[in-house]
Amino acid sequence: MAPVKVFGPAMSTNVARVLVFLEEVGADYEVVDMDFKVMEHKSPEHLARNPFGQIPAFQDGDLLLFESRAISKYVLRKYKTGEVDLLREGNLKEAAMVDVWTEVDAHTYNPALSPIVYQCLFNPMMRGIPTDEKVVAESLEKLKKVLEVYEARLSQHEYLAGDFVSFADLNHFPYTFYFMATPHAALFGSYPHVKAWWERIMARPAIKKISATMVPPKA
Ligand SMILES: N[C@@H](CCC(=O)N[C@@H](CS)C(=O)NCC(=O)O)C(=O)O
């Protein structure tokens, strides 16, 4: 069977998300790099894969997908085994909790944390745009409130959706990985259960493998 294809550089956050799940399930895959310098992601070929001209895009035979979380769910459903069950779709309540914390990542955690990553790493190091310290300070305040909720949750359960690792936990990986390369990484030290959870995520072989390809720009 031909390997599935992921379009986009592996160091990009949303591409890394998909790659982590492909590694978790042990799928055979190929990464097709996209050259942003020549706007390859806006080419007609790529727009046919992702009409928003973004990465990642994904191909499995005649199926073309975009949106990293949707691609990742497809991967988990396609390659589901008894050993790797990150969506818990066989259990209504567990699957609902996975959905809840996946939404929290996308709509509460990530909007608080990712501006800090953009302001402290991506903008100054990759785009020559100086850090806006006001945005960083406001985002840190938002993030602290989110982490207080996470600390309470993770003091009761090993992982966000319950006492099992899930899609929800691993979705936090790409942006948190880069956050840990910002000058604000020590913030997690104030939330011992969150810190221990993050260390459990980072200890997973799939995460170790993909994070090794994601060299953070120097802060
Ligand atoms: N919601 C999308 C976001 C995709 C996204 O923002 N991709 C960025 C790279 S991480 C991109 O392609 N940026 C270039 C552009 O928007 O032109 C997903 O999760 O896949």
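Q: Axes are lines fitted to C-alpha atoms, for helices over the stretch in contact, and angles run from 0 to 180 degrees between N-to-C directions. At what angle do the axes of helix α5 and helix α8 cross?
A: This is a predicted model in which local features need pLDDT of at least 70 and side-chain atom pairs count only at pLDDT 80 or more, while totals for chains, interfaces and linings use all residues. Residues are numbered from 1 along each chain as its sequence is written, and side-chain values use heavy atoms, without hydrogens and water. Helices (H or I, at least four residues) and strands (E, at least two) are DSSP runs numbered from the N terminus. The axes of α5 (residues 133-154) and α8 (residues 192-202) come within 7 Å, and their crossing angle is roughly 75 degrees.

Q: Is α5 roughly parallel or roughly perpendicular to α8?
A: Angles under 35 degrees count as roughly parallel, over 145 as roughly antiparallel, 65 to 115 as roughly perpendicular and the rest as oblique. The crossing is at roughly 75 degrees, which means that α5 and α8 are roughly perpendicular.

Q: Which residues in α8 do L147, Y150, E151 and L154 in α5 meet?
A: Contact means heavy atoms within 4.5 Å. By class, the contact of α5 with α8 has six nonpolar, one polar and one charged residues (Ala, Val, Leu, Ile, Met, Phe, Trp, Tyr, Cys and Pro are nonpolar, Asp, Glu, Lys and Arg charged, and the others, Gly among them, polar). The α8 residues that the four from α5 meet are P192, H193, V194 and W197.

Q: How far apart are the axes of helix α1 and helix α3?
A: Helix α1 (residues 13-25) packs on helix α3 (residues 68-78) at about 5 degrees, so α1 is roughly parallel to α3. N14 and F21 are among the contributors from α1, and S68 and V75 among those from α3. The axes are separated by 9 Å.

Q: In which loop is P56?
A: The peptide bond leading from I55 to P56 is cis, with omega near 0 degrees. P56 sits in the loop between α2 (44-49) and β3 (57-60).
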